[in-house]
Amino acid sequence: MNANTPITSVITDRDQDMLIGGKRVPAVSGQRFETRNPATGELLANVAHGGAEDVDRAVKVAREALSGPWSRMKPAERQAIMLRLADLVEENWDELAMLDTLDLGAPLSRTRLGKVRAGALLRYYAGQATLISGETLANSAPGDVLSHTLKEPIGVVAAINPWNGPIGMSVWKSGPVLATGCTLVMKPAEQTPLSALRFAELCLEAGVPDGVINVVTGLGDAGAALSAHPDVDKIAFTGSTGVGQKIIEAAAPTMKRVTVELGGKSPNIVFADADLDKAVPAAANAVFANAGQICSAGTRLFVQSSIHDEFMERLVEHSRTINVGDPLDPDTQIGPVVSKAQMDRILSFIDGAQGEGARPLLGGARKAGAGYDDGFFVEPTIFGNVTDGMTIAREEIFGPVLSAFSFESVDEVLARANATSFGLGSGVWTRDLATAHKMARGIKAGSVWVNCYQMLDPGVPFGGYKMSGFGRESGPHHIEEYLETKAVWINLD
Ligand code: NDP
């Protein structure tokens with residue numbers, strides 16, 4: 001498969017059904033919604049428009065699958081299936097990457113790279129499947145009493161996914177479900193449903209029993225039905241803080257376990273002693289990768305005053321060379337944003353920033369001209385003269401827009417970096433070990449990247465402080481979120 005692959009070779013069926021109980025099925029209502037290519041506006045597929053009845057059907061199937069052959073499989077059997085799945089995902093990666101490129105608009109140069117992470121995630125969780133164990137615990141009960149814990153799958157998990165990294169998200173949400181013996185009903189975002197459906201087919205091919213991984217495609221109301229469904233035991237959500245709050249409320253009546261990975265307004269802080277050859281391109285990548293549609297994007301750039309002007313000059317020059325264009329062109333670095341709604345939202349932040357007195361140093365408009373006009377392309381945009389109280393300095397834009405600030409001292413920048421309701425990612429650039437440690441301890445965020453940005457690994461936890469959510473994905477903590485702990489007491493007297 002190459003960049004010229006016609007859409008029809010990866011989307012053979014223009015009517016895309018859901019996947020429930022091991023079968024592709026239309027919505028009970030028979031309705032469909034369109035998914036379109038944000039680079040061209042072209043119709044990709046008519047997707048089953050699932051609603052509450054479809055959610056109910058999928059949850060029932062997932063509940064039944066919990067007590068079926070899946071529940072009797074040994075950890076090593078689940079592990080073998082997951083390792084087969086990792087192989088299959090890698091073998092089919094060209095297709096999965098192409099689906100995301102068409103659906104999301106992320107350049108092939110980016111989606112193709114996701115293969116390494118997807119394989120690593122699935123193999124990591126496969127390893128975890130055979131490591132789940134309880135403990136034998138000392139107790140002070142009278143007599144001879146043994147106490148130990150059992151770790152049990154939490155049950156039916158609902159994953160509600162955003163659009164910004166569709167196949168990566170499907171893999172990340174499914175890994176802990178399969179490792180712990182839970183079952184899953186996944187709702188991909190309405191803008192990017194295609195790769196989740198193909199991934200679920202690969203799960204079946206790998207030997208995951210019918211009903212263990214289900215995909216309900218639909219709009220926000222399907223997500224709402226899923227988060228309120230009484231027979232769902234846990235919700236794993238990634239998306240906006242506003243929807244995260246609704247999900248927590250919907251989960252409360254039946255006390256569902258909830259983990260939420262939400263938005264961010266992450267600081268990226270460059271000290272005067274930093275290696276600027278590395279910090280400049282990294283600062284651009286931190287905010288412009290995926291057209292800025294990354295929850296932990298480094299959208300607030302703080303540069304120490306003695307190097308501020310030189311740094312900004314170099315950053316603007318570097319960012320000017322970023323190749324924005326056709327996602328299918330292997331040289332493209334940034335594609336369109338996901339939808340017209342998202343583009344309009346970004347452009348309104350840009351207009352508002354200028355109204356509040358911020359000065360565009362680069363970009364600041366929709367990208368126009370041949371090859372751009374049918375899609376939703378936004379120029380990489382850098383604002384100087386930003387003050388901490390401006391809207392663009394506080395709100396998550398989720399687009400290629402950077403706000404730059406100057407600072408003097410460690411204590412000052414720490415206080416300003418933390419003066420946000422979010423706390424997801426952060427970057428620190430310095431050669432001074434004491435400064436690096438002080439910043440790492442002081443920043444209130446789930447990840448601190450020192451002399452790097454946005455590093456992720458299956459073994460290292462990722463998640464938020466404050467309004468960026470709670471719960472951790474990746475690492476051993478992640479597995480715990482999918483397990484209940486039962487204490488067993490055995491009186492031996
Ligand atoms: P949302 O939070 O609106 O959507 C995320 C998922 O939740 C989608 O599957 C969505 O369905 C679903 N959903 C929508 N409403 C409900 C509901 N009431 N109950 C349950 N599920 C629901 O994110 P958007 O995609 O609309 O993006 C909006 C903003 O969110 C972005 O601009 C960005 O600021 C932030 N965001 C953050 C992400 C992150 O990784 N932290 C990722 C994506 C967005 P549907 O797609 O049908 O609306």
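Figure 1. Arg36 has Leu43, in strand β5, as its bridge partner. Strand β4 and strand β5 (residues 43-48) are antiparallel and share five bridges; two strands count as paired if DSSP finds at least two bridges between them. Helices (H or I, at least four residues) and strands (E, at least two) are DSSP runs, numbered from the N terminus. The open sheet contains three strands in the order β1-β5-β4, and its pairing is mixed. Because β1 (15-16) and β4 (32-36) each have a single partner strand, they stand at the edges, and one side of each is left without a neighbour in the sheet. In general, strands of a sheet pair through backbone hydrogen bonds, either parallel or antiparallel. The model shown is predicted: local features need pLDDT of at least 70, side-chain atom pairs count only at pLDDT 80 or more, and totals for chains, interfaces and linings use all residues. Residues are numbered from 1 along each chain as its sequence is written, and side-chain values use heavy atoms, with hydrogens and water left out.

**Figure 2. Helix α9 across the sheet.** Helix α9 (residues 194-206) lies across β1, β4 and β5, and runs at about 65 degrees to β5. Axes are lines fitted to C-alpha atoms, for helices over the stretch in contact (heavy atoms within 4.5 Å). Angles run from 0 to 180 degrees between N-to-C directions.

**Figure 3. Strand β17 and its parallel partners.** Six of the seven residues of strand β17 (residues 401-407) are buried, so that the strand is mostly covered; buried means under 20% relative accessible area, exposed over 50%, and partly exposed in between (1.4 Å probe, protein chains only). Strand β14 (residues 300-304) runs parallel to β17 and is joined to it by five bridges, with Leu301 opposite Ala404 of β17. Strand β16 (residues 381-384) is also parallel to β17, through three bridges. Here Thr381 has Val401, in β17, as its bridge partner.

Figure 4. Ala118 belongs to helix α7 (residues 114-129). Its relative accessibility is 3%, and Ala118 therefore counts as buried. Not counting residues up to four places away in sequence, Ala118 touches Val89, Trp93 and Val171. Ala118 and Val89 are 29 residues apart in sequence, with 7.7 Å between their C-alpha atoms.

Figure 5. An unreviewed UniProt entry annotates Glu261 as "active site". UniProt positions are given in the numbering used here, feature names are shortened, and annotations may be inferred rather than shown by experiment. Glu261 is found in strand β12 (residues 257-261) and counts as buried because its relative accessibility is 4%. Leaving aside neighbours within four places in sequence, the contacts of Glu261 include Phe237, Thr238, Cys295 and Glu473.

**Figure 6. Residues around the ligand.** The ligand is surrounded by 31 residues, of which Asn161, Trp163, Glu190, Ser240 and Glu396 are the closest; a residue is near a molecule or strand if one of its heavy atoms lies within 4 Å of it. A polar backbone atom of Asn161 is 2.8 Å from an oxygen atom of the ligand. An N or O atom in the side chain of Trp163 is 2.4 Å from an oxygen atom of the ligand. A nitrogen atom of the ligand lies 3.4 Å from a backbone N or O atom of Gly239.

Conventions: A polar contact is a pair of N or O atoms within 3.5 Å; within protein, one must be able to donate a hydrogen and the other to accept it, and residues adjacent in sequence count only if both atoms are side-chain atoms.
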